[in-house]
Amino acid sequence: MGLYNVDFGWGKPVWIAHMGDLPDAHVRSKQQFVFLESACHEGIELWIACDDEEIRVLEKDSEFLTYANPNPSICISP
């Protein structure tokens with residue numbers, strides 16, 4: 001069972017997101033990759049946490065962009 005199929009008591013989630021950095025707890029996400037099924041079950045979501053410079057390189061990498069859609073819209077299942 002994927003995370004999008006779990007009902008936490010208020011219905012199934014529409015979108016699942018990575019919590020990001022926790023500056024107050026001095027936690028910084030570095031070199032972290034999180035793979036999730038997409039909400040529409042048409043592929044995967046890959047959350048990448050790395051330095052800003054590395055993200056800028058990925059955003060301009062034509063091979064990466066062939067397979068990736070940076071900052072896609074939320075897919076809401078019917």
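Me: Accessible areas are computed by the Shrake-Rupley method with a 1.4 Å probe, and for residues only the protein chains shown count as cover. What share of the accessible surface of the protein belongs to carbon and sulfur atoms?
Reply: This is a predicted model, in which local features need pLDDT of at least 70 and side-chain atom pairs count only at pLDDT 80 or more, while totals for chains, interfaces and linings use all residues. Residues are numbered from 1 along each chain as its sequence is written, and side-chain values use heavy atoms, with hydrogens and water left out. The accessible surface of the protein is about 6,500 Å². Of this, the share of carbon and sulfur atoms is 57%.

Me: Which pattern does the protein follow along the sequence?
Reply: Helices (H or I, at least four residues) and strands (E, at least two) are DSSP runs, numbered from the N terminus. There are 2 helices and 2 strands in the protein. Along the sequence the pattern is β-β-α-α.

Me: How many bridges join β1 to β2?
Reply: Two strands count as paired if DSSP finds at least two bridges between them. β1 spans 32-37 and β2 spans 44-49, and the two run antiparallel. Val34 has Trp47 as its bridge partner in β2, and for Glu37 the partner in β2 is Ile44. The number of bridges joining β1 to β2 is 6.

Me: Which residue in the hairpin of β1 and β2 takes a positive phi?
Reply: The hairpin has 6 residues between the strands. A positive phi near 60° is found there at His41.

Me: Which residues form the nonpolar patch on the surface?
Reply: Like charges are joined within 9 Å, and nonpolar side chains (Val, Leu, Ile, Met, Phe, Trp, Tyr) within 5 Å. β1 and β2 each supply at least two residues of the patch. Together about 440 Å² of accessible area belongs to Phe33, Phe35, Ile44 and Leu46.

Me: Is Phe35 buried or exposed?
Reply: Buried means under 20% relative accessible area, exposed over 50%, and partly exposed in between (1.4 Å probe, protein chains only). Phe35 lies in strand β1. Because its relative accessibility is 56%, Phe35 counts as exposed.

Me: What percentage of the 78 residues in the protein is buried?
Reply: One of the buried residues is Tyr4, with a relative accessible area of 5%. Ile16 is also buried, at 17%. Of the 78 residues, buried ones make up 13%.

Me: What C-alpha separation do Tyr4 and His41 have?
Reply: Tyr4 belongs to the segment before β1. Beyond its neighbours within four places in sequence, the contacts of Tyr4 (heavy atoms within 4.5 Å) include Val14, Ile16, Ala39 and Glu45. Along the chain, Tyr4 and His41 are 37 residues apart. Their C-alpha atoms are separated by 9.4 Å.

Me: Is Glu45 buried or exposed?
Reply: Glu45 sits in strand β2. Not counting residues up to four places away in sequence, Glu45 touches Tyr4, Trp15, Ile16 and Leu36, among others. Its relative accessibility is 18%, so Glu45 counts as buried.

Me: How far apart in space are Ile16 and Glu45, C-alpha to C-alpha?
Reply: Ile16 is in the segment before β1. With neighbours within four places in sequence set aside, Ile16 is in contact with Leu3, Tyr4, Leu36, Glu45 and Trp47. Ile16 and Glu45 are 29 residues apart in sequence, and their C-alpha distance is 9.8 Å.

Me: How far apart in space are Val14 and Ala39, C-alpha to C-alpha?
Reply: Val14 is placed in the segment before β1. At 45% relative accessibility, Val14 counts as partly exposed. Val14 and Ala39 are 25 residues apart in sequence, and C-alpha to C-alpha the distance is 7.2 Å.

Me: What angle lies between the planes of Phe8 and Trp10?
Reply: Rings of Phe, Tyr and Trp (its six-membered ring) pair if their centres lie within 6.5 Å; planes under 30 degrees apart count as stacked, over 60 as edge-to-face and the rest as tilted. The structure holds 1 aromatic pair. Phe8 and Trp10 form this stacked pair, at 5.9 Å centre to centre. The angle between the planes is 25°.

Methods. Patches are made of residues with over 30% relative accessible area and no salt bridge: like charges are joined within 9 Å, nonpolar side chains (Val, Leu, Ile, Met, Phe, Trp, Tyr) within 5 Å. A salt bridge is a side-chain nitrogen of Lys or Arg within 4 Å of a carboxyl oxygen of Asp or Glu.
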